[in-house]
Amino acid sequence: DSVPDTTLGEKVRQALLNEHGLNPRDLQVTAQNGVVTLSGKVDEKSDQERMMLVGMGVDGVRSVVSNLVVDRPA
């Protein structure tokens with residue numbers, strides 16, 4: 001019983017936006033067959049790792065691929 005990809009992407013997106021202290025910019029979340037791809041910009045490498053962990057914690061996610069770029073705001 002798998003979660004539809006559109007629902008999955010939306011759930012992961014919400015989880016990331018709700019995660020305290022994370023501030024992803026230009027966040028895009030796509031899901032395909034349970035594999036979630038994150039893209040956008042984060043301030044720290046540790047944010048990228050946290051986002052992948054948060055993504056993995058969402059029900060129905062099989063794996064997380066990160067296309068996140070570490071880009072500190074000036």
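Asp43 sits in the loop that runs between β2 and α2; helices (H or I, at least four residues) and strands (E, at least two) are DSSP runs, numbered from the N terminus. This is a predicted model, in which local features need pLDDT of at least 70, side-chain atom pairs count only at pLDDT 80 or more, and totals for chains, interfaces and linings use all residues. Residues are numbered from 1 along each chain as its sequence is written, and side-chain values use heavy atoms, with hydrogens and water left out.

**Asp43 and its surroundings**

- With a relative accessible area of 17%, Asp43 is buried (buried means under 20% relative accessible area, exposed over 50% and partly exposed in between, with a 1.4 Å probe and protein chains only).
- Leaving aside residues up to four places away in sequence, Asp43 touches Asn23, Arg25, Val70, Asp71, Arg72 and Pro73, where contact means heavy atoms within 4.5 Å.
- The side chains of Asp43 and Arg25 are joined by a polar contact of 2.5 Å. A polar contact is a pair of N or O atoms within 3.5 Å; within protein, one must be able to donate a hydrogen and the other to accept it, and residues adjacent in sequence count only if both atoms are side-chain atoms.

**Salt bridges**

- The count comes to six salt bridges, each being a side-chain nitrogen of Lys or Arg within 4 Å of a carboxyl oxygen of Asp or Glu.
- Arg25 and Asp43 form one of them, with their closest N and O atoms 2.5 Å apart. Arg25 belongs to strand β1 and Asp43 to the loop between β2 and α2, so this pair ties together parts that are 18 residues apart in sequence.
- Arg25 is partly exposed, at a relative accessible area of 23%.
- Arg72 and Glu44 also meet through their side chains in a salt bridge (2.9 Å, N to O). Arg72 is in the segment after β3 and Glu44 in the loop between β2 and α2, so the pair ties together parts that are 28 residues apart in sequence.
- Arg72 is exposed, with a relative accessible area of 57%, while Glu44 is partly exposed at 30%.
- Another salt bridge brings together the side chains of Glu19 and Arg50 (3.2 Å, N to O). This pair links distant parts of the chain, 31 residues apart, with Glu19 in the loop between α1 and β1 and Arg50 in helix α2.
- Both partners count as partly exposed: Glu19 at 27% relative accessibility and Arg50 at 31%.

- In soluble globular proteins, nonpolar side chains tend to be buried together.
- Here the largest nonpolar core has 16 residues, and those with the most contacts inside it are Val12, Leu16, Val29, Val36, Leu38, Met51 and Val61. Two or more residues of this core come from each of α1 (5-18), β1 (25-32), β2 (35-42), α2 (45-56) and β3 (63-70).
- A nonpolar core is a set of buried Ala, Val, Leu, Ile, Met, Phe, Trp, Tyr and Cys residues joined through side-chain atoms within 4.5 Å.
- Met51 touches Leu16, Leu22, Pro24, Leu27, Leu38, Val42 and Leu68, not counting residues up to four places away in sequence.

**Helix α1**

- Leu8, Gly9, Val12 and Leu16 are the buried residues named in α1. They cover an arc of only 100 degrees around the axis, which puts them on the same side of α1; the arc is that of the directions from the helix axis to the C-beta atoms.
- The buried residues of α1 pack against β1, β2 and α2, whereas the face turned away from the buried side carries the exposed residues Thr6 and Asn18.
- At 1.5 Å a residue, the 14 residues of α1 should span 20 Å, and its end C-alpha atoms are 20 Å apart, which agrees. The expected span of a helix is 1.5 Å times one less than its number of residues.

**Backbone and strand β1**

- Most residues other than glycine have a negative phi.
- Asp26, in strand β1, has a positive phi near 55 degrees and is exposed, with a relative accessible area of 54%.
- Asn33, in the loop between β1 and β2, likewise has a positive phi near 55 degrees, and it is exposed at a relative accessible area of 54%.
- Gln28 is in strand β1 and touches Thr37, Leu38 and Ser39, not counting residues up to four places away in sequence.
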